[in-house]
Every structure is written in structure tokens, then in C-alpha cells.
Amino acid sequence: MNDALLKISNLTAEFKTDKGVFPAISGVNLTIDKGEILCIVGESGSGKTVASLSLMKLIPAVGKITTGEISFEGRDLLKVSQKEMSLIRGKSIAMIFQDPMMALDPVYTCGSQVIEAVRIHEKISHQGAYDKSVELLKQVGIPHPERCMNAYPHELSGGMCQRISIAMALSCNPKLLIADEPTTALDVTVQAQILELLKKIRKEMNMSIMLITHDLGVVAEMADRVAVMYAGKVMEEGDVRSIFHNPQHPYTQGLIKSIPHMGQKNEKLYSISGTVPSISSMPDGCRFSPRCPDAADICRQKEPEMMQACHNGKARCWKLDQAWREGETG
Ligand SMILES: Nc1ncnc2c1ncn2[C@@H]1O[C@H](COP(=O)(O)OP(=O)(O)OP(=O)(O)O)[C@@H](O)[C@H]1O
Ligand SMILES: [Mg+2]
């Protein structure tokens, strides 16, 4: 049985820069099942945000989706009109961002903003919307919801504002929540509380979540499945256990090696040497090859396809290729 809620196939989005037009993501395939948390992880500039904005058809005007299919509940979102798309956004797909202050308008009370979110998709009286808003604030763990309704965003902490933006995202009962670095701006205890809240909501509402992060600690805590992105491509995907216990791509292995451990005080922290290439200067062959400790000639010449890995996922690495393996052992 296919339980996919979202299936992104071969998605490419290009951006116009002063050096020309270049793909920021290319040939991206991602699937999210109902009720699943998919984490997208990768260093800064790897294309995580562009991938999520493309799926909402919200990429900036300098960008354009050039190929691909985004099947959501069986419909190709790339073929629906902007009007239909705006109905889908907010009703079936909601989004929360890194900086909750950005999502909230400083000149209106939090209450009026939640009420407005409720009323966009539901014909409901003001009192009905007020009551529903208070319920939503309770659901996201706000201790004094009535008091909070009258507060302005600047009067609340970052964690509280993120809870309010989650409440607004939930107001339409979405099937998919896209969360782009939702806890990066928060301190660690508040971060843990927000992550717990997202897990609770997923369970209560059987919602799917696409969680974008560069923090592997967050991935370990939250993900059912993981997609590792690098330089605009998915490099490895698999279930969370496989990714952490049996990573196949040298990039994933490098990311995992870079996680600081408790008690590691006197050891030097590992980091992958070099940086993510810019979209205008992608290397030939495998995009990771200039930084890869295992790179061979073929890696610098020819880009590998996604290949079935020994875990139940896939990786884009020549090391997984039969001919490579035979050459290596023979
Ligand atoms: N508006 C734009 N114009 C030109 N290039 C862009 C634009 N937006 C993003 N890019 C480029 O696309 C690539 C992917 O960017 P993206 O923002 O998706 O990365 P990210 O993985 O979300 O990084 P971060 O972890 O820093 O949020 C980067 O090389 C970036 O410079
Ligand atoms: Mg980003």
C-alpha cells in the first residue's frame, strides 16, 4: 500500500544571479508518508530552504522551477493555479519558520493574528474564532491563553512566539507542516519543548512534518526518515537508524563524525574540510568530491546516480556501485 502524502520527483529550481542562471536544487526526489516526520539535513547552502519553498511554490521571483512533479494527495502542485495553490497553502500545507517574530506582525495582538488565521479558512463568528484561538493556544502549551491573546509579540519570549506561530499553522488542520529550522533561534531548553510539542501534535493530528535542520541532534530526536542534502542534491536517504548507525555516503559520515560528544573535552572536534560550493561554481563529477576523503578519479569525472544502499535507503556515491566494489576487492 502506498501511503505517500507527498511525492516530489526530479525537482529542479534555478536562480538568476549576476553570474548567470544556475540550479539551486536539481533532480530532487523526496517522499513523505502520512504521519511521518522527514528531516532534511545538510550544511548551510545545501538547498534545504529552496526545496521547501519550491514545494509551496513560494520561491523568490529570481527563481523558477524548471522540471519536476510535486504530487500532494495525488495532485501535481506544479499544475494547479496560483489561486488553488494559495488555498492548499494554509489549508493542507502550513509552514513555520526559524524566526517566529518574522511570522508575527508586531502591530497586532497575538490573539487577533490567531483569530485571523482561524477565520481565513472557516466561516465562523468572531466569538467562535476567539474560542477556537484560545483552544489552539492551549493545545500548543501556552499557560495563560486568555492573557496571551491580548499580548503583542514583543511582550512574549521567542519560544512563546514560536508556539503562537505553530498555533496559527495548526488553525487549518494541515496534513503537512513544513518547519524550516523552527528551533535554531531558541535556547536549548525551549528548543526541546518546541520539538516535544511538534511530536505531540504529529501524534494527535496524524500530521506529516517536513523538518529542516542542520542539527543532527534534532534529527536523531525527531526523524522517522532522513534526507541528507548537499549542493542542491539529495545525497543519501534512509530511516533514522540507518543514517546514524550505518551511513553510506562519505558526506553523511562526515556530518555524523562532526557531532560533538560529551566528555570529548580534550579531543579536537572533527569538521569536514572545505565549504559547500556556490550554485555558480559546482564541481565536475560528484559535487562532494573536492571535500571527500574517499574520492577516486571517477568521482571527479562523472556524477553518480542515487543507488540502492545496503541499508533500506539510497545514496548518491560511486562506492555503492557494483563495478567500484569489484575493482576495490579484485
Ligand atoms: N534568491 C536567491 N538567489 C540566488 N541564489 C539563491 C537564492 N536563494 C538561495 N540561493 C542559493 O541556493 C543555494 C541553496 O540555498 P538554501 O537557502 O536553500 O540553503 P539552505 O540549505 O536552506 O541553507 P541554510 O542552512 O543556511 O538555511 C545556496 O547556494 C544559495 O546561495
Ligand atoms: Mg535554509
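This is a predicted model: local features need pLDDT of at least 70, side-chain atom pairs count only at pLDDT 80 or more; totals for chains, interfaces and linings use all residues.
**Ligand 1**

The shell around ligand 1 holds 15 residues, and S44, G45, K48, T49 and V50 come nearest. By type, the shell residues divide into six nonpolar, six polar and three charged.

| Residue | Part of the residue | Distance from its N or O atom to an oxygen atom of ligand 1 |
|---|---|---|
| K48 | side chain | 2.7 Å |
| T49 | side chain | 2.8 Å |
| V50 | backbone | 2.9 Å |

Ligand 1 exposes 630 Å² when taken alone, and the protein buries 68% of that area. Two or more residues of the shell come from each of the elements β1 (4-17) and α1 (48-55). The element that gives the most is α1, with three residues.

**Helix pairs**

Helix α7 spans residues 158-170 and helix α8 spans residues 188-205. Their axes come within 10 Å and cross at roughly 15°. Angles under 35 degrees count as roughly parallel, and therefore α7 is roughly parallel to α8. The crossing in which α7 passes α8 is right-handed.

The other pair is formed by helix α4, residues 110-121, and helix α5, residues 126-139. The axes of α4 and α5 are 9 Å apart, and the two helices pack at an angle of about 115°. The range from 65 to 115 degrees counts as roughly perpendicular, so α4 is placed roughly perpendicular to α5. The crossing of α4 and α5 is right-handed.

In brief, the protein buries 68% of the area that ligand 1 exposes when taken alone, and α1 gives three residues to the shell around the ligand. Of the helix pairs, α7 and α8 are roughly parallel, whereas α4 and α5 are roughly perpendicular.

Definitions and conventions: Residues are numbered from 1 along each chain as its sequence is written. Chains are lettered from A and ligands numbered from 1 in the order in which they are written. Side-chain values use heavy atoms; hydrogens and water are left out. A residue is near a molecule or strand if one of its heavy atoms lies within 4 Å of it. A polar contact is a pair of N or O atoms within 3.5 Å; within protein, one must be able to donate a hydrogen and the other to accept it, and residues adjacent in sequence count only if both atoms are side-chain atoms. Accessible areas come from the Shrake-Rupley method with a 1.4 Å probe; for residues, only the protein chains shown count as cover. Helices (H or I, at least four residues) and strands (E, at least two) are DSSP runs, numbered from the N terminus. Ala, Val, Leu, Ile, Met, Phe, Trp, Tyr, Cys and Pro count as nonpolar, Asp, Glu, Lys and Arg as charged, and the others, Gly among them, as polar. Axes are lines fitted to C-alpha atoms, for helices over the stretch in contact, and angles run from 0 to 180 degrees between N-to-C directions. Angles under 35 degrees count as roughly parallel, over 145 as roughly antiparallel, 65 to 115 as roughly perpendicular and the rest as oblique. A crossing is left-handed if the near helix is turned anticlockwise from the far one by less than a right angle, and right-handed if clockwise.
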